[in-house]
Amino acid sequence: KQPKKNHPNMANKEIELPQSGTSPSDYQSPPSLQGSSQPHKRTERQDSFWLAIIFQLLSSLCVVVTFTCVKISNTTNHIPNAQIMVIRSSVTTIASLALAKFYGVSFSVTKEESKALSARATFGLINIACQTYGIQHLNLAVSTTLLNTGPIFGVVFGVLFLGEKFSRIQVAALGSTFMGVVLIAMPCLLFLMPCDGDQAWNFYLCLPLLAGIARACTRVTVRTCKNLHWVIPVFFGGFPVVVVVGTYMLIFGAYTSLDLKAFLTIVMSGVAGTASHIFMVRATQVSEIGLSMPLSYISVILMFFVDTVIFDFDARANQILGAVIIFFGILCLAYAKYRQSLAKKKKTQEASKTQADQILNYTPVAIRD
């Protein structure tokens, strides 16, 4: 093949094609292409700002459906929490196995990935247990608000363990968003709003807070395994709950007979929870925790509205103000992260262009005058 005449390094030169009997060592590939013949076993995913927003918003909508069904099951049907968790997680486990079969996903992982998935399973179990018991004994809006203190810890863990960067604008926006959370939860914290059916408010207020910390740890482990297929973290979010809580339920008899309506309500919460799991994993895999977790605050506003309409939650002025502050805080966080992603994309493009110029300017060994 004759090179272009106008190329500075290839003018008036011919490329010597391999002849029979020629040793492969006579031809040397460019340094940037050496050692790349073996494909990587994992999919190298690139971060995507808009995909993260779409996935996280869908996850927040599914969370609202899940918590609403769990609240109905607890208050109306008086179903034990262990039974609710087992049915929900069974739906997640069955769905993840079916999806793994459909996509041909293998569950073989490396030693480092197995450690991260084990931690994901542990923190996922703590998360679902604390949020289920918290929803039973607290108002839906208050429990969801306290649960969504997780982004504060998620951002801190992302900086400490994943090396993520956080600008001053993001810190200010995150702080204002947290103040909105405090405004919404303030009546319960100041004894103005007793917990539903139980006076042990100090214990049950700690449950959604603990669930928020566990959720932040779960995001870190999922981000660590971002190159795995998304079905695998979803499976490890459901199967361990079925084994551990199911064993507890059978030993202590923490179950009751269900009618069709109650069973379908729990199954619906399991389907919505599975969808929320999938969208959460996908959002974490395609973006930094500093973007995906603060976007989950949108579920606070949605749950505030649902609790007011369905469960006759008496909203106060400070709680409405808190919801507005959360909304604008999310906008500021998203805008700051969008600018950061544009700068990172521009830097990557410049590096790729420099590498391409080096390859084009490379003169092979087997070129003769």
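A crossing of two helices is called left-handed if the near helix is turned anticlockwise from the far one by less than a right angle, and right-handed if it is turned clockwise. The helices themselves (H or I, at least four residues) are DSSP runs numbered from the N terminus, as are strands (E, at least two). The structure to which these terms are applied here is a predicted model, in which local features need pLDDT of at least 70 and side-chain atom pairs count only at pLDDT 80 or more, while totals for chains, interfaces and linings use all residues. Residues are numbered from 1 along each chain as its sequence is written, and side-chain values use heavy atoms, with hydrogens and water left out.

The crossing of α1 and α3 is right-handed. Where the two helices are in contact (heavy atoms within 4.5 Å), Phe67, Val70, Lys71 and Asn74 of α1 meet Gln131, Thr132, Ile135 and Gln136 of α3. The residues of this contact of α1 with α3 comprise three nonpolar, four polar and one charged, where Ala, Val, Leu, Ile, Met, Phe, Trp, Tyr, Cys and Pro count as nonpolar, Asp, Glu, Lys and Arg as charged, and the others, Gly among them, as polar.

Helix α3 also meets α2, and here the axes come within 10 Å and cross at roughly 130 degrees. That angle makes α2 oblique to α3, and the crossing of α2 and α3 is right-handed. From α2 the contact takes in Asn81, Met85, Arg88 and Ser89, and from α3 it takes in Ile128, Ala129, Gln131, Thr132, Tyr133 and Gln136. By class, the contact of α2 with α3 has four nonpolar residues, five polar and one charged.

On α2 there is a further contact, with α9, in which the axes come within 8 Å and cross at roughly 50 degrees. This makes α2 oblique to α9, and α2 passes α9 in a right-handed crossing. Among the α2 residues that make the contact are Ile84, Ile87, Arg88 and Val91, while those of α9 include Phe263, Ile266, Val267 and Ser269. Ten nonpolar, four polar and one charged residues make up the contact of α2 with α9.

From the packing of helices we can turn to the space left between atoms. Rolling a probe the size of a water molecule over the atoms shows where empty space is left. On a 1 Å grid over the protein atoms alone, a cavity is a set of points where a 1.4 Å probe fits but cannot get out, a pocket is an open set with protein on both sides within 12 Å along at least five of seven lines, and lining residues have an atom within 4 Å of a point. Grid points are joined across faces, edges and corners, and a volume is the space filled by probe spheres set on the points.

By this rule there are two cavities of 30 Å³ or more. The largest cavity holds about 340 Å³ of space, and of its 22 lining residues Asn127, Gln131, Arg215, Ser276 and His277 lie nearest its centre. The elements that give two or more residues to this lining are α1, α3, α7 (201-224) and α9 (260-285), with the largest share, six residues, coming from α1. The lining of the largest cavity has four nonpolar, 14 polar and four charged residues.

The second largest cavity holds about 50 Å³, and Arg88, Ser89, Thr92, Ile128, Gly237, Gly238, Gly273 and His277 line it. Its lining takes two or more residues from each of α2 (81-103), α8 (231-252) and α9.

Finally, the largest pocket contains about 680 Å³ of space. It is lined by 25 residues, of which Asp47, Gln340, Ser341, Lys344 and Lys345 lie nearest its centre. Helix α12 gives the largest share of this lining, eleven residues, and by class the lining of the largest pocket has seven nonpolar, eight polar and ten charged residues.

Terms used:
Axes are lines fitted to C-alpha atoms, for helices over the stretch in contact, and angles run from 0 to 180 degrees between N-to-C directions. Angles under 35 degrees count as roughly parallel, over 145 as roughly antiparallel, 65 to 115 as roughly perpendicular and the rest as oblique.
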